[in-house]
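Please look at the sequence and the structure first.

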Amino acid sequence: MAERGKSTGRPEEGLERAPSRIGEDPEERVIRALLDGFPNTVTDFKKLRKGVLRAKIERRELYKACKLLKDSLGFEHLSMISAVEYDSRFELVYHIVSYQERLLLELVTTTPKDDPSVDSISSIWGGANWQERESYDLMGIKFNNHPKLERILLPKDYVYHPLRKDFKG
Amino acid sequence: MALRSKDFLKWCDEVLEGILRKSPVGSGIDYVTKDFFNWATRNSLYYLHFGIMCCALEMAVASAPRFDAQRMGVIARSTPRQVDILIVNGPVSKKLKPALRRLYDQMPEPKWVIAMGECAISGGPFYNSYSVVPGVDQFIPVDIYIPGCPARPEALIDAFIKLQKMIKDNKKGLLTGK
Amino acid sequence: MNLFEFCYGIIHWLVDLVNHLWYWLGDHLPWVFGDFFNWAGDLAVSHGNIALFAILAEAVIMFVIALVNVLNFIWIDRKWMGRMFDFYGPYYVGYRIGGWLQNLADGIKLFVKEIITPAKVDKLGFLIAPVILVSSSVLALSTIPFSPRFGVFTSDLDTGVPAGLLIAFAFFAIAPFSILIAGWSSNNKYTLIGGMRSAAQMMSYEIPLLLCVASVFLLSGSFGFLGVVNAQHDIWFVIPLFLGFIVFITCLAAEVEIQPFDLPEAEAELVEGWTTEYGGFRFGLFMMTSYLRGYVGGALATALFLGGWQGPSIIPDEFWFLIKAYLVFLIIEWMRWSNMRIRVDQILNIGWKRLMPLAMLNLLIAAAFKTMGWF
Amino acid sequence: MAEMWINMGPQHPMTHGLWNLRIKVDGETIIDAEPEVGYLHRGIEKLCEGKTYTQIIPIADRLCYGASLSWSHLYCVAVEDLLGLEVLPRAEYIRVAALEMQRIASHLMWLAAYAADLGAMIGFIYSMRDREVFIDLLQALSGSRITYNFPRFGGVAHDIPPNFERDSLRACDYMEKRLKEYEDLYEGSKVFMLRNEGVGLLKKEDAMNLGVTGPSLRASGVRYDLRKDMPYSVYQELDFEPATHKDGDCYARFKVRMDEMYESCKIIRQAVTKMPKGKWRTLAPRNAPEGTGLGRVEDPRGEGVMYVVGDGTDRPYRLKIRSPIFVTVSAAPKMLIGYKIADVVAIMGGLDMCIGESDR
């Protein structure tokens, strides 16, 4: 312990952010990399405001896209997985954050109602594990290759998925 | 004569019970000790260190210096075997219900339950939720209800005083139950 | 006149009174066991038996005084804690006497609570553990004299038991055994871990504790309370053996399970430690015993290091002893309320690697003093 | 001793809430751990679908009892994003001051629980006593002690009470003095350092991968604070530094939270003195448009996110809440394995559990 008992309100050495590559807008870089990697499946790219991007992706390419985001684009943090039910589809919204570039990417994927399943990304981001379980528990979305897809918030013997619109009280 | 030790013990129990509970001896002992035991019981209330939601925080604050419930002899213990009061301070979900019932069953008699805050009384803001039991009195007998969302520490201390009054009002002998 | 003589006189008077009845019976009912009555009367009046009864009476008196003492003790402790914590401490129960009745109310309440024996406990162990703990602690307590004229084992220094201190420590060391029994027989994982911790901790702190005591024995040349205290007439042992005093107090805190060494009942980790399954009066006994042991520890420290009952004779010896014992315990309590709890591997490290060498060093210092002929 | 599973919870003094930690121990060493949550699941996300936007503010307050203001604020941020509503400048400053007071109160509650866990009752007592200072300020501001129902869309419910500026400056001075005392109390204690240094190590990579956020992340050496890096409200106009530490053990987490309290005092001072004049409450439309709104704020416990889907009515179509503690608990086994049973309290206490928000 280098400086024990001393207030360390300052960022310490080695914790500084790596400088962005000069002359390259990080948002542009992400957009280009995703569009290059998945020309057919990534659609609807949109810049919501500074540092917040939104893209749609088909569910079969989700795992690969996430792998790409994590490994080569520096998105270290999966913030949230939200499942939204619409009339004809489930929408899964992944909020993925890059600490380095201060970017937030909203990755939207859809699954049909009769087969609500996507690939699990808990092997990429460990933080996705429980969030996927929660989505399974409350919304009934199945995540393929998930290490332990069980109910987490509700009792084990509960039969409904309460956040679905057809569940009434 | 097949009087085994177990039978002997049972016989002793019966005789003692007959003497103590049914005869005037028991009533006499009760008459003498009733007030004293009641005084002790109401002045030393231990509650279970068990927090559910917002009111748990106020319960903790009640035992901190500003509100200081300890001056009345109210102390938190961590195990249900050693407490008199179960303070239910939050919504009881369906997953929690069996555990809470078990906690209540583990407490020794005489025991009291305080439903602290709206959630414990009726479910509060979550009364129509799919996973909340609307009111703890659906499966545990409740003695004192404290309104408030969350109930303030003063209200909790007031509940302790009310409980003391309640215990004082129904004095019961230990042996005869009268 | 000391306590023994006082009791002896009373018992003698009682025996005489009863003997009149016996002999009268023996005279008037010779056809029924006449010889027996005379024999019993003769037996009762013999010196040895009256002494035995006198010692028993002494023990009862000591016990009652000690229990009242413990009530007082808990009250002082809680008030002391309250002052440190911005509290009043006990206040409303008997508020004319500063909340003194709070502990009485606690005790009585625990006495009238339902006694639960959980279904899957080991019945014998579960029942016998509190008995062993309380009786051993009370026995340890009963050996401690308040002054030469007020105590059980001091009665007759030459012919009585000269090794009172040794006996006190022997009784004091029985506790981990019963805690282990309580923890194991409760059939609960927390209590089991608590019991194991307690056993490990007390075993490892017993040795430095006794080494410190050994240094005192070395200086005073006596195993009895009277000898040790009299040897401190000129200078209290706390001054030459300051190191030993510190080690002793530390080990004492571990022995009576006071923070930072209260691992066996670590509240945050093990619910209530080895007392988790005990409720009602048995829990009350445990609670009382922990304070009883605290008092015994304080009294032992007083006798060994702080000159026992010696002090200016403005106040009686007995009160000097009590004041010193209370002060020692208050210091330990101060430690308790302002310290954090230590971890189980660290406590053993401290016990074996720090306190043990220090206790050895202290013994060497004592030996050096003795060799120099200063004591 | 043979290996065995121990259930810590749902009623256990360590939990500070309502959850269950199952640990597998070999003697006293933990070899496996498995947290279980859900005992406080109230179905808030479902309840919110049946309530109007304004009715949800008090429900959002009850998400976390330790830091309720920051959750209702987060909800308002999300809905303002959905509505495209600008917040009044005075309201922003009031919010920031109140949020930082809430942060200090929350951290003090953590400190109290942490100290009680480690066995220092005195720490519990002192922290609870000093917490009342800020609770009083918030009570003067909003009228209640724990759940404030204070922010509104585009503003706040009330203006600041008279003498609020003077009182908060005094409270900050008092708190900074007390914080120094706390540092003496804890860091001066050998036992505290023994219990905390090198315990519950969480490496930087693990922390990022497992989604740990907030003070626990910063204690692992990642300097990421939403107030600084993706500023919301008026944080970019205020001068402060997010506290970081590089060790990633319990002591680092303790230190980061202590430093954050200093920083919060600094922010409160600036927010209170810089506060502009003007209105503090505005009219928000009753019905939200179709679309999505996202709120991301730095909760005292980490990154809180709310995702609101509007469908043109006065009720949200879907409200998704990201609770920092829910994700952090899932990372607990990583920190626990290999340490002793006694370290469970230090590690889990150091994460500042708040099950209300985790279970929703």
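In chain B of this predicted model, B:P150 sits in the loop that runs between β7 (144-146) and α6 (153-169). The peptide bond joining B:C149 to B:P150 is cis, with omega at about -10°. Another cis peptide bond links B:E109 and B:P110, and its omega is about -10°. B:P110 belongs to the loop between α4 (97-106) and β5 (112-116) of chain B.

| Residues joined | Omega | Loop holding the proline |
|---|---|---|
| B:E109 and B:P110 | about -10° | between α4 (97-106) and β5 (112-116) of chain B |
| B:C149 and B:P150 | about -10° | between β7 (144-146) and α6 (153-169) of chain B |

Chain C holds residues with positive phi that are not glycine. C:N187 has a phi of about 60° and lies in the loop between α7 (175-185) and α8 (189-220) of chain C. C:N187 is partly exposed, because 16 other C-beta atoms lie within 10 Å. For C:E257, phi is near 60°; C:E257 is placed in the loop between α10 (242-255) and α11 (280-305) of chain C. C:E257 is buried, because 25 other C-beta atoms lie within 10 Å.

Chain D contains 15 helices and 8 strands. Its C-alpha atoms fill a box of roughly 65 × 45 × 35 Å along the principal axes. A compact globule of 360 residues would have a radius of gyration near 21 Å, and the 20 Å of chain D agrees with this. Of the 360 residues in chain D, 66% are buried. Among contacts in chain D with a separation of 6 or more, 70% are between residues 24 or more positions apart.

Methods:
Residues numbered from 1 in each chain as written. Chains lettered and ligands numbered in written order. Predicted model: local features only at pLDDT ≥ 70, side-chain atom pairs only at ≥ 80, totals over all residues. Helix = DSSP H or I, 4+ residues; strand = E, 2+ residues; numbered from the N terminus. Rg over C-alpha atoms; globule rule 2.2 N^0.38 Å. Buried ≥ 20, exposed ≤ 12 C-beta atoms within 10 Å, placed from the backbone. Contact = placed C-beta atoms within 7 Å.
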